[in-house]
Amino acid sequence: MLPRQLTAEQFSRYPPQARSIAQAHIALFGQLPLAFLPLLLRELIGYDWKFPAECKELDNQFTYLSPLTPEQLEKEFAAFAKLRLSPDLEQIDWVNAPAQFSEKLSAHLWATHQIDVFRAASVEYIRRVNAAVSSAVLPMRRLGLVAIGRGVKENGRPLFRKLRPEGVYFKDVNPQGGKEALFEVLQRRAKMQPLAFGHWYIDGGESEITADGVTCLSFHSLDALRRTLVAKMRETMQPGGGGPEVLRTLLAQTKPEELGLSGSGEEAVMNRFRVSVLTEGSGTQLFSTTFVQWSAREALRRAQPLTLLTRYAPRQREQSMRELLAGTQTQPELDAAGALIDADMNAYYTWINQQRLPGAEQAGFLVWFEDHKEAVAIGPGLKRGTEDNSAISLREILSQIKT
Amino acid sequence: MRAVTGASASAATLFGFAPTVGTATPKGKRAVVVTFGGGARDQETFMPEGQENIPFLLNQLVPQATFFTQVINRGILGHYVATASLATGVYETFNNFTAVPPQYPTVFEYFRKDLKRPATDTWVVAPSNGFNRIGESGNRAYGGGLGAGVILPKRLLASALPKSSRDDLYDHLLRDNYETPMYTPQLKGGEAELHAMAELLKLSVSDFASHARSLASPDELSVYIAKQLMRQLAPSLLWVTLHDIDIAHSGTYSLYLEAIQRTDRLCAEIWKTIQSEPEYAGKTNLFILPDFGRDSDEDPGGNGFQHHRTGDALSRTTWMLVMGPGVRQNRVVDRPVQSTDLVPTLGTVLGFSPELAQGKSLNEIG
């Protein structure tokens, strides 16, 4: 089927909000190329469980596209329309299974050496949408807080090498009360600007606080979910159970209810997020450091929080993947030193991802070697690439970032 | 690009003395290809901040090599299909996760057909069951019985072990695939093959299992087998695909770095073996290259070092070291070349004609 053959009835299986949006835009959809429309639908089909920020981003695309004339649309999507697609792709039920279409399209584009053209077209399209839609002023400056290295007694490796050029490297931080200072800032900001999914706390161990207005996610709170999921993965990968592609499709289609999660409203949105972190993130099921980094990346990309606190814990020592997935060790051995190296790099990734969001030039960021004396603070008032050797508390650094 | 990453600059600083040429190529040429796999970025290897991870390459091998700073892979960035592309000199387009042979003739087929070499003269040591078809293409003019023997050391080890011991002492050596950890195509004939291989390598099954116990990773097992092959069969064309680095898919940066450091050490070990084995010393060219890179930190479509999915410049651009007789030492080649140029270059060095390969022989070699 081609986009021009679409009818409103074909969206009857969509959740209510997604269906309503789709049916209101049938005429627009009919003018979009097959290399693009299913990808838009892949986002739209999950609209009812999306965070407010990502709903707004999707709405922005419709706001941008709807007033365009057929000629303008043709010009807008010329690069996508020029891609050579195989007839097999037309046979896929891309209205109801857009994720499957997307996988097949991706494989086709790689195989036919068109992936670079596709990437360039996508980047350019998003750039035009963002340029056309004015972004709202943030109610407060965005802030990222990262605590790494919990459980490490001594470290001989230089830390924050990638982040030091971006801000001030503090070398004599008083660790006393540092953790509490981070929690206080998070809670204070959540109270000042209560916003659904606006303030997050992600922990690689157990969550140490719960607070109104703070979205909490921890590695240990998902233990049961991880076990269920890994059992499903193991079953699929047994001889005769399928292969990696079957596994990928199965994971992509897994619904929270199938894993014993229930809830409505914001809880339903979070359940979808929890499942997506564990099904779409490679390694998140096994390593707490990967779990924290990927969750932070997805939270920033999708929910665009005003405050994000991520706190790393020791991850389990490397075992073979088979052993890890089989769960043969009941009490996994921990590797705090390895987790510190992981988290150091991950903090850099969290900063990069934060800088991709609106308001980046005003945003603040702090990474601290927990219970130790090193930290890097980044923000508009902090001089890039400098060092500060004076004795200072984490609270004082936070006030320099103007949290 | 290399000017930006610093790879060429860093290489230039290493070469303080005048270029020299290795000893003249004698008869009975041999070649060993090592893929520095699976997927290593410049910033953890040849860029200034990554150089601490590759002391053996930098200090021991590069000064003796011609170093290509821009090897571009324009194909599909999946390990099996990319390795098959390296081995055919054509960008193969099959599904990375299917157990199919390459479409185009492999270097092993060109080598054997053109030079009339026996089956024992070319071998592949490959990391996982997913690579078991790499030795021979489906091409009608070649294929059928003209390929290389493929050894999958982990499969041999699994066959050598009593089932009860597989999950504890040896399991770290048996892991198969990091991107989809449980993907292990089932192969037939493990035990019969084990005894045939043990016979061929003159290695008792118990010695093999016992030695494997002292090894830290699948790649160490692969190199151990490669050395056995070199000692017992001395193949003229040996291809070793290393893969530990692909642990990066788990998202753990520390394990990714450890794997790079291990691979660096193993490459030096292979070169040392080449120099110490009479059948190889002075007549063997060593080619070391990653199959491809990994995603850059800056590409929003990826997640940095973890994957190789964006197809950005960093994930497509790597390097190659070539060493041995006839190769100028201490030389840096900054012009861009393609990963498909490897097979034609091997053809020039070993004296066969890879007529269906799309790449071009690198004129800086041979």
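This is a predicted model: local features need pLDDT of at least 70, side-chain atom pairs count only at pLDDT 80 or more; totals for chains, interfaces and linings use all residues.
Figure 1. Take the contacts in chain B between residues at least 6 apart in sequence: 73% of them join residues at least 24 apart. The chain has 366 residues, and 58% of these count as buried. If you go through its secondary structure, you'll find 13 helices and 9 strands.

**Figure 2. Two helices of chain B, H6 and H10, crossing each other.** Helix H6 covers residues 153-160 of chain B, and helix H10 covers residues 218-232 of chain B. Their axes come within 9 Å and cross at roughly 95 degrees. That angle is why H6(B) is described as roughly perpendicular to H10(B). Which residues of H6(B) meet H10(B)? They are Pro153(B), Lys154(B) and Leu157(B). Over on H10(B), their partners are Pro218(B), Leu221(B), Ser222(B) and Ile225(B). Sort this contact by class and you get 5 nonpolar residues, 1 polar and 1 charged.

**Figure 3. The two domains of chain A.** Domain 1 of chain A spans 3-132. Domain 2 of chain A is pieced together from 143-223, 264-320 and 332-401. Where the domains touch, domain 1 of chain A contributes 5 residues and domain 2 of chain A contributes 8 residues. On the domain 1 side of that contact, 4 residues are nonpolar, 1 is charged and no residue is polar.

**Figure 4. An open sheet of 8 strands in chain A.** Read across the sheet and the strands of chain A come in the order E5-E4-E6-E1-E9-E10-E2-E11, with mixed pairing. Which strands sit at the edges? Strand E5 (215-218) and strand E11 (386-388) of chain A do, as each pairs on one side only. Going from one strand to the next, the twist averages 15 degrees.

**Figure 5. Strands E4 and E5 of chain A, paired up.** Strand E4 takes in residues 199-203 of chain A. Do E4(A) and E5(A) pair in the parallel or the antiparallel sense? In the parallel sense, over 4 bridges. To find your way around, look for Trp200(A), which stands opposite Thr215(A) in E5(A).

Technical notes: Residues are numbered from 1 along each chain as its sequence is written. Chains are lettered from A and ligands numbered from 1 in the order in which they are written. Axes are lines fitted to C-alpha atoms, for helices over the stretch in contact, and angles run from 0 to 180 degrees between N-to-C directions. Angles under 35 degrees count as roughly parallel, over 145 as roughly antiparallel, 65 to 115 as roughly perpendicular and the rest as oblique. Two residues are in contact if their C-beta atoms, placed from the backbone, lie within 7 Å. Ala, Val, Leu, Ile, Met, Phe, Trp, Tyr, Cys and Pro count as nonpolar, Asp, Glu, Lys and Arg as charged, and the others, Gly among them, as polar. Domain bounds come from an automatic or database domain assignment. A residue is buried if 20 or more other C-beta atoms lie within 10 Å of its own, exposed if 12 or fewer, and partly exposed in between; C-beta atoms are placed from the backbone. Two strands pair if DSSP finds at least two bridges between them.
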